[in-house]
Amino acid sequence: MITVWGNADSINVQKVLWTCEELALDHERIDAGRHFGVVGTPEFRALNPNGLVPTIADDGYVVWESNTIVRYLAGRYAHDSLLPCEPRARADAERWMDWTNSTLWPALLPLFRAFMRTPAIDRDPARIEAQRQAALATMTILDRHLDSRDYVGGAAFTVGDIAAGCAAWRWFALPIARESLPHLERWFDRLAERPAFRKVVMTPLTT
Ligand SMILES: N[C@@H](CCC(=O)N[C@@H](CS)C(=O)NCC(=O)O)C(=O)O
């Protein structure tokens, strides 16, 4: 049994829940983080000294850092599918996963906060447009990459799509103008065909 600590609307928790659903893993989720608290308790800090979600325990083995958890689950339960064994195929999948944390989500987060964590009266349209342009530039990198591939790692769905897909949902769900990015849209539609993505990730955005 896998226990996942984290609120179901957190982007990083969704990566883990999506992976569990894709692999049909027996798991339970415990609300933690943001208004649920829990992450500051000594018991939780003993699991994850950072006080962050997601954190998991798999038959007592504890893992934190969302990308590491996804890789761990894929490596343990989906050998050579979600996480390819061949080193270059694996790097092709993993680079987009790490790029999501290092580049894509940091570019999208200010825009996300502007809508989801800022009262409408305090929103600055010029600032939001600058944030949208920054996010667009990053989504365009992904769009160009997808012009010759079905998935971020190539022909098959991998951990890279799980990470990037959770961020892409925020881009498509925010109430913003979106220039046409046809390869990105085609890829996103492909993800949206997956029941696990629809169930876990394509949920209304919350603060
Ligand atoms: N690099 C970490 C980031 C984790 C993180 O920032 N989690 C947020 C939620 S998305 C969190 O726990 N915030 C504190 C809270 O919700 O109380 C990961 O990828 O797991």
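**Close-up views of a predicted model**

View 1. Asp59 is located in the loop that lies between E3 and E4. In this predicted model, the phi angle of Asp59 is near 50 degrees, a positive value in a residue other than glycine. Most residues other than glycine have a negative phi, and most peptide bonds are trans. E3 and E4 form a hairpin, with 2 residues between the strands and Asp59 in the turn. The two strands, E3 and E4, pair in the antiparallel sense, and 4 bridges link them. Within this pairing, Val63 in E4 is the bridge partner of Ile56.

View 2. A cis peptide bond runs from Val53 to Pro54, with omega near 5 degrees. Pro54 belongs to the loop between helix H2, residues 42-47, and E3.

View 3. Strands of a sheet pair through backbone hydrogen bonds, either parallel or antiparallel. Here, 4 strands form an open sheet in the order E2-E1-E3-E4, and the pairing is mixed. At the edges are strand E2 (27-30) and strand E4 (61-64), each of which pairs on one side only. On average, neighbouring strands of this sheet are turned by 20 degrees against each other, direction ignored. Strand E1 (residues 2-5) and strand E3 (residues 55-58) run antiparallel and are joined by 4 bridges. Opposite Thr3 stands Ala57 in E3.

**View 4. The surroundings of Tyr72.** Tyr72 is placed in helix H3, which covers residues 66-77. Leaving aside residues up to four places away in sequence, Tyr72 touches Ile56, Asp58, Tyr61 and Val63. Two of these contact residues, Ile56 and Val63, are themselves bridge partners. From C-alpha to C-alpha, Tyr72 and Met1 are 15 Å apart in space, with a separation of 71 residues in sequence.

**View 5. Helix H4, its cap and its bend.** Helix H4 spans residues 87-116 and bends by about 50 degrees at Thr100. The N-terminal end of H4 is capped by Glu86, with a side-chain oxygen 3.1 Å from the backbone nitrogen of Arg88.

**View 6. The contact between domain 1 and domain 2.** The domain assignment divides the protein chain into domain 1 (2-77) and domain 2 (87-198). Taken over C-alpha atoms, the centres of domain 1 and domain 2 are separated by 22 Å. To the contact, domain 1 contributes 16 residues and domain 2 contributes 19 residues. The size of an interface is often given as the accessible area lost when the parts come together. Between domain 1 and domain 2 the buried area is about 1,500 Å², and carbon and sulfur atoms give 61% of this area. On the side of domain 1, the residues that lose the most area to domain 2 are Ile11, Trp18 and Arg71, together accounting for 46% of what that side buries.

Conventions. Residues are numbered from 1 along each chain as its sequence is written. This is a predicted model: local features need pLDDT of at least 70, side-chain atom pairs count only at pLDDT 80 or more; totals for chains, interfaces and linings use all residues. Side-chain values use heavy atoms; hydrogens and water are left out. The bend at a residue is the angle between axes fitted to the seven residues ending there and the seven starting there. A polar contact is a pair of N or O atoms within 3.5 Å; within protein, one must be able to donate a hydrogen and the other to accept it, and residues adjacent in sequence count only if both atoms are side-chain atoms. Two strands pair if DSSP finds at least two bridges between them. Axes are lines fitted to C-alpha atoms, for helices over the stretch in contact, and angles run from 0 to 180 degrees between N-to-C directions. Domain bounds come from an automatic or database domain assignment. Contact means heavy atoms within 4.5 Å. Buried area is the accessible area (1.4 Å probe) that two parts lose on being put together, summed over both.
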